[in-house]
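Thanks for coming. I will go through one model, starting with the sheet and ending with the aromatic rings.

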Amino acid sequence: MKTSIQEKEGKIIATLEGEFDTAAAAEVKTALQPLFDNDGRDVVIDCEKLEYIASSGLRILISILKRAKKVGSRVILKNVREDIHEVFRLTGFISIFEFEDSER
């Protein structure tokens, strides 16, 4: 699993690539720490190259969302593939996240 984070136009942009499974969860959570330390900027998580997400990955994204809401920012999932989008739909998380430019 690869992650990268950059700041652009006042937003924090995170890119996820590969399989966000249980084995990768601890490492990814550490890599995404700047999203937890958010100071009120919106967060965009680009999922275009995300191939799989396990429940542990979903929990991390929920934690990021909770933290963002506490500081008044938004979390937007961008370029979510259809199969990953279906995971969000089946878990009911589709109603709590914002999606942008998703294949559906």
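**Sheet, core and rings**

β4 and β5 run parallel and are joined by 3 bridges. Helices (H or I, at least four residues) and strands (E, at least two) are DSSP runs, numbered from the N terminus, and two strands pair if DSSP finds at least two bridges between them. One of the residues involved is Leu77, whose bridge partner in β5 is Phe99.

Before going on, the conventions. This is a predicted model, where local features need pLDDT of at least 70 and side-chain atom pairs count only at pLDDT 80 or more, while totals for chains, interfaces and linings use all residues. Residues are numbered from 1 along each chain as its sequence is written, and side-chain values use heavy atoms, with hydrogens and water left out.

Back to the sheet. It is open, with 5 strands in the order β1-β2-β3-β4-β5 and mixed pairing. β1 (2-8) and β5 (98-100) are the edge strands, each pairing on one side only. From one strand to the next, the twist averages 25 degrees; axes are lines fitted to C-alpha atoms, for helices over the stretch in contact, and angles run from 0 to 180 degrees between N-to-C directions. α3 packs on the sheet, touching β2, β3 and β4, and its direction makes about 175 degrees with that of β3. Contact here means heavy atoms within 4.5 Å. α4 lies across β3, β4 and β5, at about 105 degrees to β3.

Leu65 is in helix α3. Leu65 counts as buried because its relative accessibility is 7%, where buried means under 20% relative accessible area, exposed over 50%, and partly exposed in between (1.4 Å probe, protein chains only). Beyond four places in sequence, Leu65 contacts Val75, Ile96 and Phe97.

Last, the rings. What do Phe88, Phe97 and Phe99 form? They form one aromatic cluster. Rings of Phe, Tyr and Trp (its six-membered ring) pair if their centres lie within 6.5 Å; planes under 30 degrees apart count as stacked, over 60 as edge-to-face and the rest as tilted. By this rule there are 2 aromatic pairs. Phe88 and Phe97 are edge-to-face, 5.5 Å centre to centre with 80 degrees between the planes. Phe88 and Phe99 have centres 5.6 Å apart and planes at 85 degrees, so that pair is edge-to-face.
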